[in-house]
Amino acid sequence: MKQVKQLLENWGVWARCRLGTEYAPVAMGMMDAVEWESRTYRGEWNDDIALAVDRAVAELGRFDEDLRELMFQHYVCNASARHLARLAGIHHARIGRDIERGEMWVAARLHNEVLL
């Protein structure tokens with residue numbers, strides 16, 4: 001699972017650049033409210049891997065749009081589970097479980113593409 005989290009963190013950095021992603025600046029409204037930290041890619045990273053992760057997250061949106069949005073907010077906007085829980089008015093443990101569920105979905109999709 002650690003490898004998937006690392007891929008998603010790298011995807012978040014890549015998606016913030018908005019190079020080749022579906023995310024328009026308008027859809028990233030919350031990004032202004034989140035304080036940015038300087039991150040660099042860890043491990044091997046290229047556009048093919050980034051696009052594979054982006055496809056997996058997009059497929060997640062067809063399955064569960066709210067879960068895709070949660071993954072986007074967590075990995076691209078760097079919003080913590082506690083912050084997202086406060087916004088949603090629910091316990092942070094539930095948000096954490098939902099993020100794990102999204103990570104498992106992405107892991108399964110990437111496993112099919114032989115990236116994991």
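**Ground rules.** I'm working with a predicted model, where local features need pLDDT of at least 70, side-chain atom pairs count only at pLDDT 80 or more, and totals for chains, interfaces and linings use all residues. Residues are numbered from 1 along each chain as its sequence is written, and side-chain values use heavy atoms, with hydrogens and water left out.

**Entry 1, H2 itself.** H2 has 17 residues and spans 24 Å from first C-alpha to last. At the N-terminal end I found a cap: a side-chain oxygen of asparagine 46 sits 2.9 Å from the backbone nitrogen of aspartate 48.

I checked how H1 (residues 2-16) packs on H2 (residues 47-63): the angle is about 100 degrees and the axes are 10 Å apart. That makes H1 roughly perpendicular to H2 (65 to 115 degrees counts as such). From H1, the contact (heavy atoms within 4.5 Å) uses Leu7, Leu8, Trp11 and Trp14. On the H2 side I noted several residues, among them Ile49, Val53 and Val57.

Which residues of H2 are buried? My list includes Ile49, Ala50, Val53, Val57 and Leu60 (buried means under 20% relative accessible area, with a 1.4 Å probe and protein chains only). Their cover includes H1, H3 (65-76) and H5 (92-112).

Asparagine 78 has a positive phi of about 60 degrees, though it's not a glycine. I found it in the loop between H3 and H4 (81-88). Asparagine 78 is also buried, at 18% relative accessible area.

Terms used. Axes fitted to C-alpha atoms, helices over the stretch in contact; angles between N-to-C directions. Helix = DSSP H or I, 4+ residues; strand = E, 2+ residues; numbered from the N terminus. Parallel < 35°, antiparallel > 145°, perpendicular 65-115°, else oblique. Expected span 1.5 Å × (residues − 1). Buried < 20%, exposed > 50% of the residue type's maximum accessible area, 1.4 Å probe, protein only. Polar contact = N/O pair within 3.5 Å; in protein donor to acceptor, adjacent residues only side chain to side chain.
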